Each structure stands twice: as structure tokens, then as C-alpha cells.
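I opened the model today and kept notes as I went.

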Amino acid sequence: MPVLDMPLEELKKYRGTTPKPIDFDAFWDGELEKIHRFDGKYEVIRQQYAAEGIIVEELNFYAPDGSCINARITRPDRKGKLPVVFNFHGKGGDIGPVCATFYWNALGFAAVSMNCRSQMGKSDDKGYRGLLGQTGLIVRGLSEGRENLYYKDVFLDIVRLVDIVKSMPYCDEKRMYARGGSQGGGLSLVCAALCPQIRAIAVDYPFLSDYKRLYEMDLMANAYYELNDYLRNFCPCEGEERERMWNTLGYIDIQNFAPRVQADTLWFTGLLDPVCPPSTQFAAYNKLTCRKEMVVYTNHGHEGQWRTDDKAVQFIAGHPSVRQTI
């Protein structure tokens, strides 16, 4: 059986390499308290789109740092409460075409898709990130500490998004779900970890896990290239400075969020993934304490496929909670 970085039996026991900060949960509990109290303005704008029976809306909301975060909502044009699925895109991308979520609407779901700040979508980033490590998203703000990390703010944007959508008259907050691949897979897991109302998530080959493992595997040339740039320029030698870097990155490592996830989880991984190696994925998956299932593709890498999409839709649309109503 082809395996990229360690045998499958070892993967099933692997628990990660990047450290978890001692105050990880206390830090994130404090951040959640602040973002839940934040009463920033937002607007929902109805869009014109030739799709009978589907409402298309643009949502723009402000983060505490003044950034304007953009999202799209598509939903069936009918009264009553709807289940809601949150969709998250890959690194450097955007939410894609309007029609991309119509299959959710056909199944009776409202679909919410968020553009991550300062990627290819319409969300900006006004957060202070310091002078060092600006070339990559993972290390953006790293020189200034955990409060200024780019992904810390993206994670809180997700919480703010869920809070806003929960207030909408069509949203059934007891039937909320999340879905995404790569960066979107990591964000789906974080969404469930920080928003315990999320009932189920479908995660494809997630990004943002076990950064130190990638360093040890010498696989920082692709999606994680900025880690190599940061190490070379700002902490090229082993020692206290480098350990402080790994510890700070631990605040945005999804494996450290995994124990907080209560949502039922369906996970897809390819054993030949050179971008998000299987060990980095298993580091997070093995720390999940919720109901979970992993689908392992032995000859696939970091790639989407129709089987994955079909299984994810069936998993969420067929979840027992979908048939429940308030």
C-alpha cells in the first residue's frame, strides 16, 4: 500500500509534533468572549440572479479591526426555518460562482460562503501584522505575537459570521453544518471547534495542521513555503527563538482545536498528499473525541473528486438532525 510519510498503522496513532500552548483554551475562550460581545455593523444586499426559487444575497460585515468581510448567501425562496451549511474555500482562492451552492439549495439548505480576508475574494484585511513575515498567510503577524496572527482573525471572522447568520429569521441554529477542502477543511474544523452549535462537518485533506512536522519532513516548499522563509530570515538556528515561534503557531494549529469539536465529522484524506501530508492530517483527526469517520484514498493526493463531494453531501444532507425542526 503506498504511503507518503509513515505506514497507515503508525498514522492511526500519531498525535502531532507542533506544541500546544499551555493557555491555548484560555486564550481562545477569551477571544470568543470578545467577539461574541462585538456589535459591529453588517449589511445584507439582495442580488439579481436568474435562478427561480433561489434567493441570492451578499453579506458584508465588519471585524473589530475594521476589516470588511464579504460572504454570499443562497437559499430557497420560502418561509420557515432552514438548515444552514457554511462553505469555506481553499488557500488563495475565493467563494467561486453563485451557482456553486445551488445543489445545497435544491436540498433545502441555506448555503453561506465566506471570502477569507485578503485572498482572492472581496474581503480586505486591516489588521496590524507588524513588519516581519508578511509574505505568507501563516506567518503574517507572527513577529508581533499571537494576537496579531492572520489566521487568528480569520478564525474569529468565522465566529462572527455564524453569529450574524444565527440572527437571520430563516436560520435554524439547531441545524448548522460546515464543509470545505484544504484551507476550507481546516476552517470547517475550526468553525465546529469555536461554534459548538455546528452539528456535522465534512472535511477534505485539511490545511493548517502540525506545522513543525512539515519542517521535520522538509516539505515547506509548497503551500507552507512561508514557514521556510520565516525560519531562514528570522530564526535560522535552533534555540529559544525558534521554539517560541512553534509555540505561537500552536495557537492557529487545527490539531489543537480538535478536542473542542463536538460535531459529527466525516474526513477525507489521500495517502499520497504532498501538500498536506497524511501525518499532519492524522495529528488532528486522532485528537477528535466526537463521532468521526475517515475515508482513506490510498492512491490519491491533494485533490478533489466526485466521490468525495457525493459522500460529503450525503453525510450532511442525511444527518439525523436535518430532519429535526425547532
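**Ground rules.** I am working with a predicted model, where local features need pLDDT of at least 70, side-chain atom pairs count only at pLDDT 80 or more, and totals for chains, interfaces and linings use all residues. Residues are numbered from 1 along each chain as its sequence is written, and side-chain values use heavy atoms, with hydrogens and water left out.

**Sheet.** I traced the strands (DSSP runs of E, at least two residues, numbered from the N terminus). Nine of them form an open sheet, in the order E1-E2-E3-E5-E4-E6-E7-E8-E9, with mixed pairing. I count two strands as paired if DSSP finds at least two bridges between them. Strand E1 (42-47) and strand E9 (292-297) are at the edges with a single partner strand each, so one side of each has no neighbour in the sheet. The twist averages 20° from one strand to the next. Axes here are lines fitted to C-alpha atoms, for helices over the stretch in contact, and angles run from 0 to 180 degrees between N-to-C directions.

I then checked one pair. Strand E3 (residues 68-76) and strand E5 (residues 110-114) run antiparallel over four bridges. Arg-72 stands opposite Ser-113 in E5.

**Helix on the sheet.** Helices are DSSP runs of H or I, at least four residues. Helix H4 (residues 150-166) packs on the sheet and touches E1, E2, E3, E4, E5 and E6. Contact means heavy atoms within 4.5 Å. The direction of H4 makes about 130° with that of E2.

**Cores.** I looked up the nonpolar cores: sets of buried Ala, Val, Leu, Ile, Met, Phe, Trp, Tyr and Cys residues joined through side-chain atoms within 4.5 Å. Buried means under 20% relative accessible area, exposed over 50%, partly exposed in between (1.4 Å probe, protein chains only). The largest core has 84 residues, and Phe-86, Met-114, Ile-138, Tyr-151 and Phe-155 have the most contacts inside it. H4 gives the largest share of this core, 11 residues. A second, separate core of 15 residues includes Ala-111, Leu-266, Phe-268 and Ala-312.

**Helix H5.** Is H5 mostly covered or uncovered? It is mostly covered, with 12 of its 12 residues buried. Among them are Gln-183, Ser-188 and Cys-191.

**Asn-87.** I found Asn-87 in strand E4. Asn-87 is buried, with a relative accessible area of 12%. Leaving out residues up to four places away in sequence, Asn-87 touches Thr-101, Trp-104, Ala-111, Val-112, Ser-113, Met-114 and Arg-179.
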